[in-house]
Structures are given as structure tokens and as C-alpha cells.
Amino acid sequence: MLELRNVESGYGAAKVLHGLSLTVSEGEVITLMGRNGMGKTTTVRTIMGQLRHDAGETSFRGTPIRGVPMPKIARLGIGLVPEGRMIFPNLTVEENLIASSGNRSGSANPWTVDRLFTLFPKLEERRHSMGNLLSGGEQQMLAIGRALMTNPHLLILDEATEGLAPVIRDVIWTTLRQLKDLGQAILVIDKNIAALSRFADRHYVMEKGVIVWEGDGPALERDLEHVRTYLVA
């Protein structure tokens, strides 16, 4: 579904990604892990067209997307939950969800506001509250819901649980497992290796703009101590 091949990218003269390659297939949950500043968010911004490729190629469902504007990439069916959430503060919960709605994947059972509220009952309780009045956890639920309302082929979460209370983290992990059971392809960026290892199919670990380790669940279990050295500051 998503393929990055030898991608180089960065900010002006400051190159961050150095020949990055990764793939996400239909229905897979893939993790991208690493310490802060290693290039994870740069990877997301490059996929989404916010940053240009200096080299390499990226394709989505067989369509090359290098150099394609961000709105067009989103319309191809990539739903992004960005770092910092970036919900609309002056819209209600329900308005945030409606603003992004669209069946981009052509699903026979698309996400609707009511269906989304069954996934996040807390949001239904807050459906008429303005975005800027929500807690951090509620904002993250809303950011995920807003992305799902586009009915994407691929859902990308950048720093899925950073700064959230443990109880809210558990809600997010439970939600991602539910989405996986529904066949949703997901690329999740986070550092919570214990939670991610319980449901993700494959894992990538970044260090200074390159992939330094990759493998499936059993491989992660075997190499856990080695992988942890790339995640601890």
C-alpha cells in the first residue's frame, strides 16, 4: 500500500532522512519507533507532501506521490493524526468530525458521526463542546476520529500517546487494536514498545534518519534489549 524507497528529505540544507525505506501493506499495523529528533515526524511530513523529497521515491497504492501536494495525497486516502493533534479549537466536537467527513476509500460501511461515537463514547458526551475546552486525551480521541471520518485506506498517527495519562493511553491502544480487527492499515509513531508489541505486525526503529532495525513481533521479542538501546535517551 505505502512504499518508501531510499528517501532523503529534510529542512533546507539540513538533511534529516538518509535513504529511508519502509512499507505498509493492506491491513497491517506498522510501528516507527525511535528517540525524539531521529526523523520520525520528518518521515510523516515527507509522506504527506509537507516536505519535498531530495531523493528516493514514495508510492501509495501504486501511485507515485513524490512532489504531489498534501491535499491531493490526503484525498488518495491517507488519514493523518498529527503530532499536537491540531483540532479546530473554535468548532464543536461534532463539527470537527463533520468538517473532515468523506468516504475516500469507498467503504461499504463508512465511518459516520454516530458510528464514531460508539468507538469513543466520551466524545458523544462532549459532542457540543468546543475543541479548545477538551482535555488532552479527549483532543487525541477527536483527532483520531477526525482522521477516521475521512475513511482512509491508511491511518497515520504521529506520537500517538505522547503526553497522555496512562488511562488515556490504554484507551488509544485498545482503539488501535479494534481498528486493526476491522482491517484498517495503520502506521503508528510512538515509543511505548510494550504496548506496540502486543498488536503491531511489524516494527521499524529509526536512528539519525535511517532504519537501524526492522522485524516482526517474534523478532522484536528476541532483540528486545538491543532495540531498547535505540529508544532510551
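The protein chain contains 10 helices and 10 strands. The structure is a predicted model.

**Overall dimensions**

- The C-alpha trace of the protein chain spans about 45 × 40 × 35 Å along its principal axes.
- The radius of gyration of the protein chain is 17 Å, which agrees with the value near 17 Å that a compact globule of 233 residues would have.

**Burial and contacts along the sequence**

- Of the 233 residues in the protein chain, 52% are buried.
- When contacts between residues at least 6 apart in sequence are considered, 68% of them in the protein chain join residues at least 24 apart.

**Packing of H6 against H7**

- Helix H6 covers residues 136–148 and helix H7 covers residues 166–181; the two pack at an angle of about 15°, and their axes are 10 Å apart.
- H6 is therefore roughly parallel to H7, because angles under 35 degrees count as roughly parallel.
- The crossing formed by H6 and H7 is right-handed.

**Residues at the H6–H7 contact**

- From H6, the residues that take part are Gly137, Gln140, Met141, Ile144 and Leu148, and they meet Ile168, Val171, Ile172 and Leu179 in H7.
- The residues of this contact of H6 with H7 comprise 7 nonpolar and 2 polar ones, with no charged residue.

Conventions:
Residues are numbered from 1 along each chain as its sequence is written. This is a predicted model: local features need pLDDT of at least 70, side-chain atom pairs count only at pLDDT 80 or more; totals for chains, interfaces and linings use all residues. Side-chain values use heavy atoms; hydrogens and water are left out. Axes are lines fitted to C-alpha atoms, for helices over the stretch in contact, and angles run from 0 to 180 degrees between N-to-C directions. Helices (H or I, at least four residues) and strands (E, at least two) are DSSP runs, numbered from the N terminus. Angles under 35 degrees count as roughly parallel, over 145 as roughly antiparallel, 65 to 115 as roughly perpendicular and the rest as oblique. A crossing is left-handed if the near helix is turned anticlockwise from the far one by less than a right angle, and right-handed if clockwise. Contact means heavy atoms within 4.5 Å. Ala, Val, Leu, Ile, Met, Phe, Trp, Tyr, Cys and Pro count as nonpolar, Asp, Glu, Lys and Arg as charged, and the others, Gly among them, as polar. The radius of gyration is taken over C-alpha atoms; the globule rule is 2.2 Å times the number of residues to the power 0.38. Buried means under 20% relative accessible area, exposed over 50%, partly exposed in between (1.4 Å probe, protein chains only).
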